Amino acid sequence: MSALAWWRVAAKDARLELRAREALQPILLTGILVVVVGLLAFHDVEERLPVAAATLWIGLAFAGSLGLARAFGAEKDRGTIDTLLTLPVARGHLYVGKVASSFLTILVVALVLVPLYFAVGGLALPASWPALLLLVALGALGLAATGAMLSLLAAQARSRDALLPVLLAPLVVPLLLAAIHGTMDVLADLPFAEWRPELLILVGYDISFLAASTLLFEAATGA
Amino acid sequence: MRRWLAWMALFALGADVFLTLVMAPRAANFSAPLTQRIFYYHVPAAWVAYLAFGVTAVAGLVQLKRRDITSDAIALASAEIGTLFSLIALFTGLVWARQEFVGYDPLRDAKVVTLAVLILAYLAYFALRRAIEEPARRRRLAAVFGLLAALGVPLSYLASQASIHPDFTRADESLDPALARYLLFSLGAFTILYAALLDARARLALLEARQEEPWTT
């Protein structure tokens with residue numbers, strides 16, 4: 001149970017979700033709502049690419065923050081958080097496991113939103129569409145890394161569902177800025193050199209927040 | 001409260017107002033030379049805003065190590081002062097840009113975006129503190145959030161686009177040495193003011209913490 005403990009935590013979350021299906025549905029609907037409303041509202045705007053890129057990421061961030069609230073929030077509700085914390089594994093595994101399950105949730109949302117976005121938005125699929133997937137994956141990982149950590153903070157506070165978006169907003173601005181600008185460049189089929197800085201910021205964000213949160217996780221659990 | 005520190009801040013600030021508004025020469029190459037004087041207050045306010053944030057983060061590290069009430073009092077005091085100064089920096093900057101530039105778009109300015117993120121981070125920090133009743137837990141989680149935010153703020157500067165914001169580190173925009181002296185004085189005066197405010201506010205926070213938990217150290 002040691003080296004793969006994080007995997008067990010993530011698998012447990014996935015299994016729970018497959019059985020109860022209580023979280024994914026509202027999360028997906030929120031994402032779809034934001035993307036559809038955004039695309040409809042800005043339908044007549046002349047420069048559509050920037051608006052479309054921002055809409056996709058706002059949808060992912062909104063839907064993501066709903067899912068992230070559950071990372072530790074659901075454990076708190078069920079009273080299982082203490083059980084989780086007394087497992088004989090390094091605390092870092094709990095964090096990585098929660099990042100993995102949150103990442104998976106956001107990725108599922110993205111897999112629905114991105115095709116929908118091209119279908120409803122009537123945008124042309126760029127030739128470099130794998131690059132779009134890469135940006136989405138890096139962005140989702142960053143959201144999961146920051147969100148899982150903040151979910152643990154919010155779970156220990158009052159009115160945590162209202163608190164999490166407030167905590168999340170200032171920390172994910174760099175991630176969203178880089179992701180939106182990168183997506184804009186990829187949608188416009190610009191060469192790699194154009195969106196390389198954004199890619200580097202996304203990678204840097206993911207690495208630094210994963211590392212910092214792993215280090216701080218122990219303190220945030222109350223050890 | 002250290003009286004001498006408060007007196008020093010008062011004296012430094014009085015001298016600063018006289019020096020920057022009366023003594024400093026008119027700046028050349030500005031379309032609004034009078035409004036330009038706002039920068040003797042804008043730059044130091046921004047400096048204090050970021051310094052205060054750094055102090056909150058470092059105090060957070062100490063907090064996680066020692067779990068004492070002093071480091072938390074300093075972190076809280078510094079965050080409150082930092083919020084005030086970041087608002088001053090934002091407001092003075094926007095007023096100046098309105099006079100100096102034509103068609104200035106603050107949202108395309110990396111420094112404005114970073115300052116806005118800094119203000120949001122401060123507000124989130126207070127929201128988190130207010131949502132936790134148990135003092136030890138509040139101190140611990142506030143420290144964790146302060147450290148995470150200290151990572152996010154510089155990253156948001158990198159992620160924002162370059163802008164027309166004046167940048168003294170660039171060779172073609174280096175500051176006139178005749179004006180630089182006054183800016184340096186102002187930076188010093190604001191730093192002393194920060195220290196005096198921090199001292200007073202942290203002492204108050206310490207008293208509050210002792211009242212809340214008379215048995216802690």
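**A conversation about chains A and B**

Student: How much of the contact in chain A comes from residues 24 or more positions apart?
Tutor: In this predicted model, such residues account for 82% of the contacts in chain A with a separation of 6 or more.

Student: And which elements is chain A made of, helices or strands?
Tutor: Chain A has 8 helices and 0 strands. Read from the N terminus, the order of its elements is α-α-α-α-α-α-α-α.

Student: What share of its residues count as buried?
Tutor: In chain A, 47% of the 223 residues count as buried.

Student: Next topic: how many residues are in the largest nonpolar core?
Tutor: That core has 132 residues, and the ones with the most contacts inside it are Leu153(A), Leu167(A), Leu128(B) and Phe145(B). Helix α6 of chain A, residues 129-155, contributes the largest share, with 17 residues. As a general point, nonpolar side chains in soluble globular proteins tend to be buried together.

Student: What does Leu153(A) touch?
Tutor: Leaving aside residues up to four places away in sequence, Leu153(A) touches Leu167(A) and Ala220(A), and also Leu128(B), Leu141(B), Val144(B) and Phe145(B).

Student: How many residues does each chain put into the contact?
Tutor: Chain B gives 24 residues and chain A gives 25. On the side of chain B that touches chain A, α4 (110-130) and α5 (135-159) each supply at least two residues. The most comes from α5(B), with 14 residues.

Student: Which classes are found on that side of chain B?
Tutor: The side of chain B that touches chain A has 19 nonpolar, 3 polar and 2 charged residues.

Student: Where does Leu64(B) lie?
Tutor: Leu64(B) is in helix α2 of chain B, which covers residues 39-66. Not counting residues up to four places away in sequence, Leu64(B) touches Ala219(A), Arg140(B) and Ala143(B).

Student: How far apart are Leu64(B) and Ala143(B)?
Tutor: They are 79 residues apart in sequence, and their C-alpha atoms are 6.9 Å apart in space.

Student: Why does Leu64(B) count as partly exposed?
Tutor: Leu64(B) has 19 C-beta neighbours inside 10 Å, and a residue is buried only if that number is 20 or more.

Note on methods. Residues are numbered from 1 along each chain as its sequence is written. Chains are lettered from A and ligands numbered from 1 in the order in which they are written. This is a predicted model: local features need pLDDT of at least 70, side-chain atom pairs count only at pLDDT 80 or more; totals for chains, interfaces and linings use all residues. Helices (H or I, at least four residues) and strands (E, at least two) are DSSP runs, numbered from the N terminus. A residue is buried if 20 or more other C-beta atoms lie within 10 Å of its own, exposed if 12 or fewer, and partly exposed in between; C-beta atoms are placed from the backbone. Two residues are in contact if their C-beta atoms, placed from the backbone, lie within 7 Å. A nonpolar core is a set of buried Ala, Val, Leu, Ile, Met, Phe, Trp, Tyr and Cys residues joined through C-beta atoms within 7 Å. Ala, Val, Leu, Ile, Met, Phe, Trp, Tyr, Cys and Pro count as nonpolar, Asp, Glu, Lys and Arg as charged, and the others, Gly among them, as polar.
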